[in-house]
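Hello,

Here is the structure I said I would hand over. Please have a look, then read my notes below.

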Amino acid sequence: MDIGYTEAQLRVAAVAAVRAPSLHNTQPWRLRLRDGGIEVLADRSRRLPATDPSGWGVRVACGAALFNLRIALAVAGTPARVRLRPDPAEPDLLARLVPDLPRRPTPAEQSLCAAIPRRFSNRLPFWPDPVPADVRWRLGEAAQAEQCWLELLIGVSAVSAFGEIARSAHRVLERDPAYRAETERWLRREPAPDGVPAWAAGPQREPQDVLPARGFGGRDRAPGRDFEPEPLVGVLGSAGNTAVDQVIAGQALQRLLLVATDAGLGVSMLSQPIEVPTAREQLRLSLGRFGTPQMVLRIGYGQPGRPTARRDVDEVLDLPAVST
């Protein structure tokens, strides 16, 4: 077994890592090769001060990137052992991966890896086709595999009750001029390697919508074209809400998203009720679950789309200096 990962192995895995989702597609991660280990670090320069003052969103995004790293390395036959927050003196260092015993990838790992470049946030209305019970079970299993839980809200009454919490949180956020300016700042009307392009924003929200949507400047909606009246909503939660819990939740989020992609589902994320502390607690109490909600997902079958752009891998790598 090699004593450590090489720059070539990091570069291959990093192509998968940067495909992870993040708030406003800020891509707040760095990947470092040090002493044969691959390290995932939070990039504070890409945190959203108004939307994510605590850094929760950065840590969840880095956890999602970590999961992609794990899968890419496993499929390459070089799986990793992972240690979260390995150095208390370096709080931005969220994970360190070192080589485990080489082995052949499992079929499940190969399927998840194949879904990485196809995953994207689908903000368009979904079709009325219900998500089958066996697929819903697979989504729950994905969360549990990463030490998290998934609560699916099914039925008009459950979704409507959640919608009230989510819309209230959205109104709180929208009252903040800094929040509105931040959302506008990450909207991309021209091609760019980060941010949310206008073509991916989805249609403008309407007062009658059950669930709120970010104001990313999407297209006006055709008359009578509402979002689905009874969407499948999933709440992803973790045992606690420490920095480690949030990285764990990011890994669970990405596994769940890849399982959904592999099953042909579309997903968009609703984090407004997570970003407002009172709404988050209200959501937790309404579910009656032990732990902390970390993300809300809107799930269904929808129109085809394409992933948004990512920065070049070289922009996120920290490599050892080459001695001369």
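Strand 8, residues 232-238, is mostly covered: 7 of its 7 residues are buried. Bear in mind that this is a predicted model.

The cover comes on both faces of strand 8. On one side sit Leu 232, Gly 234, Leu 236 and Ser 238, all buried.

Which strands pair with strand 8? Strand 5, residues 148-153, is joined to strand 8 by 6 bridges. The two run antiparallel. Within this pairing, Trp 149 has Gly 237 of strand 8 as its bridge partner. Strand 10, residues 292-300, is joined to strand 8 by 7 bridges, and this pair also runs antiparallel. Here Val 235 stands opposite Val 296 of strand 10.

**Ser 268**

Next, a residue in strand 9, which spans residues 266-270: Ser 268. Is Ser 268 buried or exposed? Its relative accessible area is 7%, which is under the 20% cut-off, so Ser 268 counts as buried.

What does Ser 268 touch, leaving aside its neighbours within four places in sequence? Its contacts are Asn 122, Arg 123, Phe 126, Val 296, Leu 297 and Arg 298. Val 296 is also the residue that stands opposite Val 235. With Arg 298 there is a polar contact too: the side chains of Ser 268 and Arg 298 are joined at 2.8 Å.

Best wishes

Key
Residues numbered from 1 in each chain as written. Predicted model: local features only at pLDDT ≥ 70, side-chain atom pairs only at ≥ 80, totals over all residues. Heavy atoms only, no water. Helix = DSSP H or I, 4+ residues; strand = E, 2+ residues; numbered from the N terminus. Buried < 20%, exposed > 50% of the residue type's maximum accessible area, 1.4 Å probe, protein only. Polar contact = N/O pair within 3.5 Å; in protein donor to acceptor, adjacent residues only side chain to side chain. Contact = heavy atoms within 4.5 Å. Pairing = 2+ DSSP bridges.
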